[in-house]
Amino acid sequence: MKTGTEAEASSTDLAGLGLNAYESGVYLALLSRSGQGSTELAERAKVPRQRIYDVLRSLEAKGLCVARDTTPRTFFPTDPATALPALSAKRAMELERERERTAAVALALAAQLGPLFQSGKGENDPLQYVEALADPSRIAAQAIALASAAKHHVHSLIKRPLILSSEQNRRFLQVPLERGVRYRALYEREALDDPELREWMGTLSKKGQRIRIVHTLPVKMQVFDDEVALLSMQDPVGGPPSFTAVALRHRGAVALLNLAFERLWDEGTPYEDL
């Protein structure tokens with residue numbers, strides 16, 4: 001018999017597979033004693049009697065229990081070793097469909113709202129060229145979107161600690177290369193001691209990224225064409241690393257940052273010479 005703490009933990013885990021509180025409670029009650037009637041299950045799982053049949057039907061539909069037409073009708077749990085992986089796979093498919101639906105809605109809304117944004121750009125906003133981002137998910141989304149939109153070249157200053165996840169970094173670094181965009185990247189020398197970054201260099205150089213190594217870099221930076229730059233600055237306060245990213249959409253400022261990149265590039269050592 002599970003303790004209260006164990007049952008609570010199991011219910012929380014089952015919620016991650018898409019079960020609500022009533023479904024989790026009834027399934028746990030089924031597992032603890034096979035062959036129970038609806039009344040007994042409602043009492044043991046503390047589910048209102050008027051809800052128990054709906055809950056059991058839902059569990060049957062999810063493959064978590066089976067019923068026998070006895071008098072009264074009895075219910076038996078499905079082995080979690082087979083039922084839960086199947087439920088997890090189904091849940092993953094549902095989440096992927098939802099992700100695709102949400103992405104499609106976002107693209108459609110972006111197309112609809114784009115003209116409104118363009119019409120408002122004429123307003124006298126002194127900060128219309130600057131966008132500050134503090135949330136890591138927003139920084140990642142902006143970086144990937146800018147990399148995907150680049151047409152001619154990307155210039156990157158890459159240094160630890162990293163902001164994006166491994167998968168986000170893979171997309172950010174590979175998408176421009178796959179589209180034939182000229183991609184140059186500068187890494188700090190200490191990156192050579194980082195197995196993950198060293199692997200990136202080996203893989204990406206084969207895909208066409210030109211890489212040079214410098215002793216140190218002042219800031220994380222990505223410049224996309226001559227249009228926009230993304231500067232990621234680590235907050236100076238102690239504790240876990242946190243960043244504020246600033247997107248600049250000002251051709252003069254971007255030109256200046258491209259000049260700074262070229263100066264650092266001239267001082268770098270080509271990766272293939274190391």
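**Strand pairing**

Strands β8 (residues 220–224) and β9 (residues 228–234) run antiparallel and are joined by 5 bridges; strands count as paired if DSSP finds at least two bridges between them. Helices (H or I, at least four residues) and strands (E, at least two) are DSSP runs, numbered from the N terminus.

I noted that this is a predicted model, in which local features need pLDDT of at least 70, side-chain atom pairs count only at pLDDT 80 or more, and totals for chains, interfaces and linings use all residues. Residues are numbered from 1 along each chain as its sequence is written, and side-chain values use heavy atoms, with hydrogens and water left out.

I then traced the open sheet of 8 strands: its order is β4-β10-β9-β8-β5-β6-β7-β11, with mixed pairing. The edge strands, β4 (130–133) and β11 (269–270), each pair on one side only.

Next I checked β6 (residues 182–188). It is largely enclosed by the rest of the structure, because 6 of its 7 residues are buried (under 20% relative accessible area; exposed is over 50%, partly exposed in between; 1.4 Å probe, protein chains only).

I looked up both neighbours of β6. Strand β5 (residues 153–158) pairs with β6 in the parallel sense over 6 bridges, and V154 has Y183 of β6 as its bridge partner. On β7 (residues 210–214), 5 bridges form the parallel link to β6, and R212 is the bridge partner of L186.
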